[in-house]
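Subject: Structure handover

Hello,

Please find the structure below, followed by notes on what was found in it. Keep the model open while you read.

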Amino acid sequence: MLKGRTAVVTGGSRGIGRAVVERLARDGANVVFNYAQRTEAAQDVVRSVEEAGGSVRAVRLDLAEHGAAEQLMDVAAQHFGDLDILVNNAALNFTVTPLAETDDDTFDRVMTVNARTTFLTLRYAARHMRDDGRIVSISSLNTVRPAPGNAPYAASKGAVEQLTLVAAQELGPRGITVNTVSPGATDTELLRGTNPPEVLETVAGMTPLRRLGEPADVADVVAFLAGPDGRWITGQNIRATGGIG
Ligand code: NAP
């Protein structure tokens, strides 16, 4: 279905990003993903994709560094040719902290990794993506269900959603679709690192489907938007939340 397409996924070594890499590769795309630190986790993804017959490259790049986003996209172009699919997935969140105690550095770092990276990759796509491309950025249920204690994260995801809306308008005439997927609570290290188990049990009980999301639940929605069947959907925010929001 995606045979010969070049796909970039940010933050593909774990969680939702890993599931997206595996799914796009299974659908036939040549996938390049980055990670920040966990080389072993990234190698594990490469192994799993290659064992399944897929084509993938992992690049260690910290998206907080200047030039990293562009470097990632360049690596993909060098290995596999011009970009067809972009998935903005990498994000930082920190332990829940009230606004009054959130310092400047935390705000700057979260906005840089989550929002500035999305701006930079969208700008790269606007300049270099092939016609009829697909862009999916991962936001969060958090923008419609704000919770106390994560102002920088919520602000960064608000920016991701707005960037999507503008890019959809600008890139539509070239057949490029640009959408957001907003997961609800999804069982990953990011979720477990910011919520104690009893909170997660309560959250799971609040969904009509009575469970936490799995990374593949979100990856399958991304793959739909990234594939040929998603051609008529652009500028949308799809909530993959198990029914909340
Ligand atoms: P995760 O398990 O924490 O994985 C994050 C990924 O991003 C890892 O591959 C990590 O690389 C990479 N990354 C983090 N900081 C980076 C940086 N500075 N530079 C480059 N790569 C970086 O996260 P997740 O839960 O799968 O979340 C994926 C997306 O879904 C995020 O956009 C998140 O906001 C969104 N989301 C998640 C949930 C949830 O409940 N999990 C809910 C709503 C939205 P390393 O392995 O090297 O650290």
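Ser140 is in contact (heavy atoms within 4.5 Å) with Tyr153, Lys157, Glu161, Ser182 and Pro183, leaving aside its neighbours within four places in sequence. Ser140 sits in the loop between β5 (134-138) and α5; helices (H or I, at least four residues) and strands (E, at least two) are DSSP runs, numbered from the N terminus. Ser140 counts as buried because its relative accessibility is 9%. Buried means under 20% relative accessible area, exposed over 50% and partly exposed in between, with a 1.4 Å probe and protein chains only. The side chain of Ser140 also reaches the backbone nitrogen of Asn142 at 2.9 Å. Such a polar contact is a pair of N or O atoms within 3.5 Å; within protein, one must be able to donate a hydrogen and the other to accept it, and residues adjacent in sequence count only if both atoms are side-chain atoms.

Two notes on the source. This is a predicted model, in which local features need pLDDT of at least 70 and side-chain atom pairs count only at pLDDT 80 or more, while totals for chains, interfaces and linings use all residues. Residues are numbered from 1 along each chain as its sequence is written, and side-chain values use heavy atoms, with hydrogens and water left out.

The ligand

Which residues are closest to the ligand? They are Ser13, Gln37, Asn89, Tyr153 and Thr188, out of 32 residues that surround the ligand (a residue is near a molecule if one of its heavy atoms lies within 4 Å of it). The side chain of Asp62 has an N or O atom 2.9 Å from a nitrogen atom of the ligand. In the side chain of Lys157, an N or O atom is 2.8 Å from an oxygen atom of the ligand. Thr186 uses its backbone: an N or O atom there lies 2.8 Å from an oxygen atom of the ligand. The ligand taken alone exposes 910 Å², and the protein buries 95% of that (areas come from the Shrake-Rupley method with a 1.4 Å probe).

Two or more residues of the shell around the ligand come from each of α1 (15-26), β2 (30-35), α5 (151-171) and α6 (189-194). The most come from α6, which gives three. By type, the shell divides into 15 nonpolar, 12 polar and five charged residues. Here Ala, Val, Leu, Ile, Met, Phe, Trp, Tyr, Cys and Pro count as nonpolar, Asp, Glu, Lys and Arg as charged, and the others, Gly among them, as polar.

The nonpolar cores

A nonpolar core is a set of buried Ala, Val, Leu, Ile, Met, Phe, Trp, Tyr and Cys residues joined through side-chain atoms within 4.5 Å. The largest one has 30 residues, and Leu24, Val31 and Phe33 touch the most other members. The elements that give two or more residues to this core include β1 (6-9), α2 (39-51), β4 (85-88) and α8 (215-226). A second, separate core has 26 residues, among them Leu83, Leu120, Ile135 and Ala167.

Phe33 is part of strand β2. Is Phe33 buried or exposed? Phe33 counts as buried because its relative accessibility is 0%. Beyond four places in sequence, Phe33 touches residues including Val9, Val21, Val56 and Leu72. The C-alpha atom of Phe33 is 8.6 Å from that of Arg60, 27 residues apart along the chain.

Asn179 lies in strand β6 (residues 177-183) and is buried, with a relative accessible area of 0%. A polar atom of the Asn179 side chain lies 2.8 Å from the backbone oxygen of Ile233, and this side chain reaches the backbone nitrogen of Gln236 at 2.9 Å.

Thr10 lies in the loop between β1 and α1 and is buried, at a relative accessible area of 1%. A polar atom of the Thr10 side chain is 2.9 Å from the backbone nitrogen of Ala90.

Backbone angles

Asp132 is not a glycine, yet its phi is positive, at about 65°. Asp132 is in the loop between α4 (104-128) and β5. Arg210 also has a positive phi, near 60°. Arg210 is placed in the loop between α7 (197-206) and α8 and counts as exposed because its relative accessibility is 56%.

Regards
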